[in-house]
Amino acid sequence: MRGPRSLLLGPARRCLRLLLLLGSRRRRLPLLRGLVQRWRYGKVCLRSLLYNSFGGSDTAVDAAFEPIYWLVDNVIRWCGVVFVVLVIVLTSSIVAIAYLCVLPLILRTYSVPRLCWHFFYSHWNLILIVFHYYQAITTPPGYPPQGRNDIATVSICKKCIYPKPARTHHCSICNRCVLKMDHHCPWLNNCVGHYNHRYFFSFCFFMTLGCVYCSYGSWDLFREAYAAIEKMKQLDKNKLQAVANQTYHQTPPPTFSFRERVTHKSLVYLWFLCSSVALALGALTVWHAVLISRGETSIERHINKKERHRLQAKGRVFRNHYNYGCLDNWKVFLGVDTGRHWLTRVLLPSSHLPHGNGMSWDPPPWVTAHSASVMAV
């Protein structure tokens, strides 16, 4: 049996424990609040150090792939000369095969008018290929002047820290800003820009025509050469079997001479190389022709696509201010100012410059008001 004293002390102890517990909780609450405030303050400080108003998912992806971009840029920069030498060697090999292997064959089979047509067309095409390739390599694409304040600029290049005119982009391989940059071509070891874009497209166009001409014209020769190579393989196989059976008393099968073997293999090489280049370069030429018809470059195509989607989400229509219509876009691209000289200027492209200086892009005076307001599709 508990005494009356224990019955009175029990509730008093419980009340004292309750008061101590409440007091400890009251002391803990300010401590927890202080820790939460310090944590939030630390997060705000960290975000302020890393905050970038131009940041986003694209910036994060670019930062993650920056080592790969650096590697690709340096490989293309150092291998540009190798690609140019490769183009020259492959083109020279096709020309050598045409003179040494194809020409003796067609002289014995083709008529004189057909020979004259092939002679003039092939050499005309070859001269245009060499001319435009040389011009595309040696002509600078155009760079914005540095140290001038009288040019119209739209932004500041974050890599060059110089004013950047409209349609100008920075080439990480050349480490310079390029006027109306389309892309950096490793096969030219040069950027494709305002002043050499026409030469690049003309080279692709005439090279495609030359490859189609060679592959189509040598189709019959290719089939005969391929059949001869298969026959050579079968003869070599029979010869090995005869040597293995030691039947020296039998008459040996006829053999092909070294010149015939080289000729047949060269014709097969010519057809395969020209056909593959015609397909690849032809697709690239068609793609650039579509871009020129729209008044865009390869870089602007991606920029305009994003801008078109952004404005479409807001219910607005995107308008490309550099699109003057298909015909006028080609006139601007070829630098044709007047109608009476267009043929001379296309056939002699070195006698004139493209329209404008690459820094201001006002519509040419001969562009109609209707075509100047064409919207990009």
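This is a predicted model: local features need pLDDT of at least 70, side-chain atom pairs count only at pLDDT 80 or more; totals for chains, interfaces and linings use all residues.

Author: Residues are numbered from 1 along each chain as its sequence is written, and side-chain values use heavy atoms, with hydrogens and water left out.

Asn125 lies in helix H4, which covers residues 112-138; helices (H or I, at least four residues) and strands (E, at least two) are DSSP runs, numbered from the N terminus. With a relative accessible area of 3%, Asn125 is buried (buried means under 20% relative accessible area, exposed over 50%, partly exposed in between, with a 1.4 Å probe and protein chains only). Leaving aside neighbours within four places in sequence, Asn125 is in contact with Phe206, Leu209 and Gly210, where contact means heavy atoms within 4.5 Å.

Gly210 also belongs to the lining of the second largest pocket, where Ile94, Gly210, Cys211, Cys214 and Cys274 lie nearest the centre among 45 lining residues. A pocket is, on a 1 Å grid over the protein atoms alone, an open set of points where a 1.4 Å probe fits, with protein on both sides within 12 Å along at least five of seven lines; lining residues have an atom within 4 Å of a point. Helix H4 is one of the elements that each supply at least two residues of this lining, while H3 gives the most, with 12 residues.

Phe206, another contact of Asn125, is part of a cluster in which ring pairs link Trp117, Tyr121, Trp124, Phe205, Phe206 and Tyr213. Rings of Phe, Tyr and Trp (its six-membered ring) pair if their centres lie within 6.5 Å; planes under 30 degrees apart count as stacked, over 60 as edge-to-face and the rest as tilted. The structure holds 19 aromatic pairs. In one of them, the rings of Tyr133 and Phe203 have centres 4.7 Å apart and planes at 40 degrees, so the pair is tilted. This pair links distant parts of the chain, for Tyr133 is in helix H4 and Phe203 in helix H5, 70 residues apart. Tyr133 is buried, with a relative accessible area of 9%, and Phe203 is buried as well, at 8%.
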